[in-house]
Amino acid sequence: MNVLLVDDDPVSRETIKLFLQTKLCHVEEAAGGKQAVIEALRVQPDLILMDLIMPDMDGVEAIRILKSMSWTKTIKFFAITASEKPDLHDAALEAGADVVLGKPFDLEEFGRLAGIA
């Protein structure tokens, strides 16, 4: 499975990346929403794991942009955030996220939800 991991926190990215690699996923990384859109077009991943709060372009906007493209219909979008604001979670789902996970999240549970357990 090809995964695009988007998070502005390098420690979070590294932790999640190592887990995904143990599940034999190929992982590409982006540190912000703008880079995520560019990388998603290049990589065309099976799953995008998108942080919602980032400095250059938030994850909600990046999801909205990517979901407006025809080829993204088969891509799973998992939004991740440390925010507990219901409005942010709702906005991510409205933009096209399939799931919103609060940070920190259980990696094994995430693996089951993503179909990579």
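Q: How many bridges join β3 to strand β4?
A: This is a predicted model, where local features need pLDDT of at least 70, side-chain atom pairs count only at pLDDT 80 or more, and totals for chains, interfaces and linings use all residues. Residues are numbered from 1 along each chain as its sequence is written, and side-chain values use heavy atoms, with hydrogens and water left out. Strands are DSSP runs of E with at least two residues, helices are runs of H or I with at least four, and both are numbered from the N terminus. Two strands pair if DSSP finds at least two bridges between them; β3 and β4 (residues 76–81) run parallel, and the bridges joining them number 5.

Q: Which residue in β4 is the bridge partner of M50?
A: M50 is one of the buried residues of β3. Its bridge partner in β4 is A79.

Q: How many bridges join strand β1 to β3?
A: Strand β1 covers residues 2–6 and runs parallel to β3. L5 stands opposite L49 in β3. The bridges between β1 and β3 number 4.

Q: How many of the residues of strand β3 are buried?
A: Buried means under 20% relative accessible area, exposed means over 50%, and partly exposed lies in between (1.4 Å probe, protein chains only). In a regular strand the side chains alternate between the two faces of the sheet. Here L47, L49 and D51 are buried on one side, and I48 and M50 on the other. For β3 (residues 47–51), the count is 5 of 5.

Q: Which helix makes a right-handed β-α-β unit with β3 and β4?
A: A crossover is right-handed if, with the strands pointing away from the viewer, the path from the first strand over the helix to the second runs clockwise. With β3 and β4, the unit is made by residues 59–67, helix α3.

Q: What covers the buried residues of α2?
A: Helix α2 spans residues 33–43, and its buried residues are G33, A36, V37, E39, A40 and V43. Contact means heavy atoms within 4.5 Å. The cover includes β1, β2 (26–30), β3 and α3.

Q: What is the angle between the planes of F19 and F110?
A: Rings of Phe, Tyr and Trp (its six-membered ring) pair if their centres lie within 6.5 Å; planes under 30 degrees apart are stacked, over 60 edge-to-face, and the rest tilted. By this rule there are 3 aromatic pairs. F19 and F110 form a tilted one, 6.3 Å centre to centre, with a plane angle of 55 degrees.

Q: How many residues apart are F19 and F110?
A: F19 is in helix α1 (residues 10–22) and F110 is in helix α5 (residues 107–114). F19 is buried at 8% relative accessible area, and F110 is buried at 1%.
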